[in-house]
There are 2 protein chains.
Amino acid sequence: MALSEFELIRRFFDRPQAATGRDDVVLGIGDDAAVVTVPEDCDLVLCMDTLVAGVHFPEATSPEAIGHKALAVNLSDLAAMGAEPAWFTLSVTLPAADADWLAAFARGMFRLADHYRVQLIGGDVTRGPLSVTVQAHGLVPRGEALRRAGAAAGDRIYVTGTLGDAGMALRQGVQAAPALRQRLDFPSPRVEAGLALRGLASAVIDISDGLLADLGHLLEAGDPGAELQVDALPASAGFAAAAATNGAENVHYDIALTAGDDYELCFTVPPDRCAEAESRLAGLPGGCTVVGVIEAHPGIRCRRRDGSSWVPTGAGYQHFRNGNG
Amino acid sequence: MALSEFELIRRFFDRPQAATGRDDVVLGIGDDAAVVTVPEDCDLVLCMDTLVAGVHFPEATSPEAIGHKALAVNLSDLAAMGAEPAWFTLSVTLPAADADWLAAFARGMFRLADHYRVQLIGGDVTRGPLSVTVQAHGLVPRGEALRRAGAAAGDRIYVTGTLGDAGMALRQGVQAAPALRQRLDFPSPRVEAGLALRGLASAVIDISDGLLADLGHLLEAGDPGAELQVDALPASAGFAAAAATNGAENVHYDIALTAGDDYELCFTVPPDRCAEAESRLAGLPGGCTVVGVIEAHPGIRCRRRDGSSWVPTGAGYQHFRNGNG
């Protein structure tokens, strides 16, 4: 590399502590390892996700979007646990030390990091095919981490935000409306919703692989079945417009049910807590929408408003396509 | 991939908790994130290192060695902080789901993990060019983490183990003696030495880039100069034999001073604590050897036993070659 790893780290990633104002970082970037303090009454929640060029994002994705997304997908995992983001480490592998690329990457990443006061405390920059790994650390009051397990028959199924925007953008490529493209490139982790669901949701997962796939993961860990109301799936105005030009309803539902990359939360709430959950999330980014109910009978059944069953037809549904993240 | 990511993780990486016997893992592999408990009186120490095929290890390296080394280089960073290894996360990117490769990789990694009771608690498996990222987490009594900063003029400079074996193996390639090859492929992180140096060493760094380069990092953070006795550099029998066939002394010293990948510790101790440090480390893996002294005068001076100065001649010395790890 023209610039050494150390120079790259100093120039683009080693920022004053003041950027986040955290006082729990004992030692940040620059030693063999970082040192942090975890509050006595908290559990530590941690997750790691790797994004590979050409696999997890199109090669042409802007470095700003890659920087945002690499952190966002990990904050989304923390959100699904009800954890408050605290620190992250970063490993960037790139073919050459491209200062412009790194500056844009860092800009995208730190904008999101600063918003949630999550501090970069270490990692490395190495030479090789483009990929980015982020490990995020969050805090949750001891014993209060949300989980995939716990959904019981009768619990209502909710999703935050809207579904299918990212999938529609991927499908439409360069012709996608800017609002859809924005959802694909700059997903919003539902951190606030995750925090609000502590002590309330019976199960939570983030939707990285599509609602059907991720609801499937949630069912593996709790009661085994669910009914979804496809007419209730929340859609953005941009998604509805794109779907209208497509014509066929099944394409619309397929994308909303099976496309990944939305990074909304899917969660379940016992019937007697639903009003509280809806009230808590109403004022938060994304809000929430009830889309179905947990059932004791195994399998996921999709229904129309008139009670008729609806079967996903798209090729997008691959249960284990992409990730445990 | 022929096998899905989930199947790969279940088959090769999701093991019974009993393997490490840790009771501080609240939630391991299988949810959106892991949950662990950090003891109240401890700081959390964390580091992340990525190994890229063809950059950090030769393409022909055995998967068992890659599995070992990816964890070992991170445990070495924890050792340099005086931290006790606790948990790690793993991101493996590989071109295809090769069950034999993954089985050997996991075998190499878990042998080392089990030895130090460090538990794999999460991560992901993705498709792409071969690389491995590990994030390791360790614990240290609050405020007692060792650092690079702190060396003062008059402090003795020590290294653990022997230097140059890995560099000699890289240089000799397939003709390297098995003992040298073993040091390159299966480095021993000096965890026990790191723990023993708590409260005793004034500064510590692990030698991943070569003694001169890493001592240079240590000096950036403390007093600015050092004198090294090149005749005192500890060499293994295998290294001495290989150096003897090379003939030239300067090659021998160059490799010991500038080759990376040994993952020994370099540390400094105030004169009045040296006897204690030597005594503590005498019975531990690798032991330790005094190789020089910290000086107030900037720069690193290498000397022979007769007091003559010695100047590294090899091309191996690249100050910022590879890593902050």
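Across the interface of chain B and chain A, 23 residue pairs are in polar contact, both residues being at pLDDT 80 or more; a polar contact is a pair of N or O atoms within 3.5 Å, where within protein one must be able to donate a hydrogen and the other to accept it, and residues adjacent in sequence count only if both atoms are side-chain atoms. Strand E3 (residues 42-52) of chain B supplies the largest share of the side of chain B that touches chain A, namely nine residues. This is a predicted model, in which local features need pLDDT of at least 70 and side-chain atom pairs count only at pLDDT 80 or more, while totals for chains, interfaces and linings use all residues. Residues are numbered from 1 along each chain as its sequence is written, chains are lettered from A and ligands numbered from 1 in the order in which they are written, and side-chain values use heavy atoms, with hydrogens and water left out.

**Interface**

- By class, the side of chain B that touches chain A holds 25 nonpolar, 19 polar and 15 charged residues (Ala, Val, Leu, Ile, Met, Phe, Trp, Tyr, Cys and Pro count as nonpolar, Asp, Glu, Lys and Arg as charged, and the others, Gly among them, as polar).
- Contact, meaning heavy atoms within 4.5 Å, involves 59 residues of chain B and 59 residues of chain A.
- About 5,100 Å² is buried between chain B and chain A, with carbon and sulfur atoms giving 55%; this is the accessible area (1.4 Å probe) that the two parts lose on being put together, summed over both.
- Six salt bridges are found across the interface, each a side-chain nitrogen of Lys or Arg within 4 Å of a carboxyl oxygen of Asp or Glu.
- Arg10(A) and Glu220(B) form a salt bridge through their side chains (3.2 Å, N to O).

**Symmetry**

- Chain B is superposed on chain A by a rotation of 180° with 0.0 Å of shift along its axis (RMSD 0.0 Å), fitted by least squares on the C-alpha atoms of residues with pLDDT of at least 70 in both.
- The two copies are therefore related as by a two-fold rotation axis.
- Both copies use the same surface, since 100% of the contact residues of chain B recur in chain A.
- Among the residues of chain B, Glu40(B) comes closest to the rotation axis, at 2.6 Å (C-alpha).

**Strand pairing**

- Strands are DSSP runs of at least two residues, numbered from the N terminus, and two strands pair if DSSP finds at least two bridges between them.
- Between the chains, strand E2 (residues 34-36) of chain A pairs with E3(B) in the antiparallel sense over three bridges, and Ala34(A) stands opposite Leu46(B).
- Within chain A, strand E7 (residues 156-160) runs antiparallel to strand E11 (residues 288-295), joined by five bridges; Tyr158(A) has Val290(A) as its bridge partner.
- E11(A) also pairs with strand E9 (residues 225-229) of chain A, antiparallel over four bridges, with Ala226(A) opposite Ile294(A).
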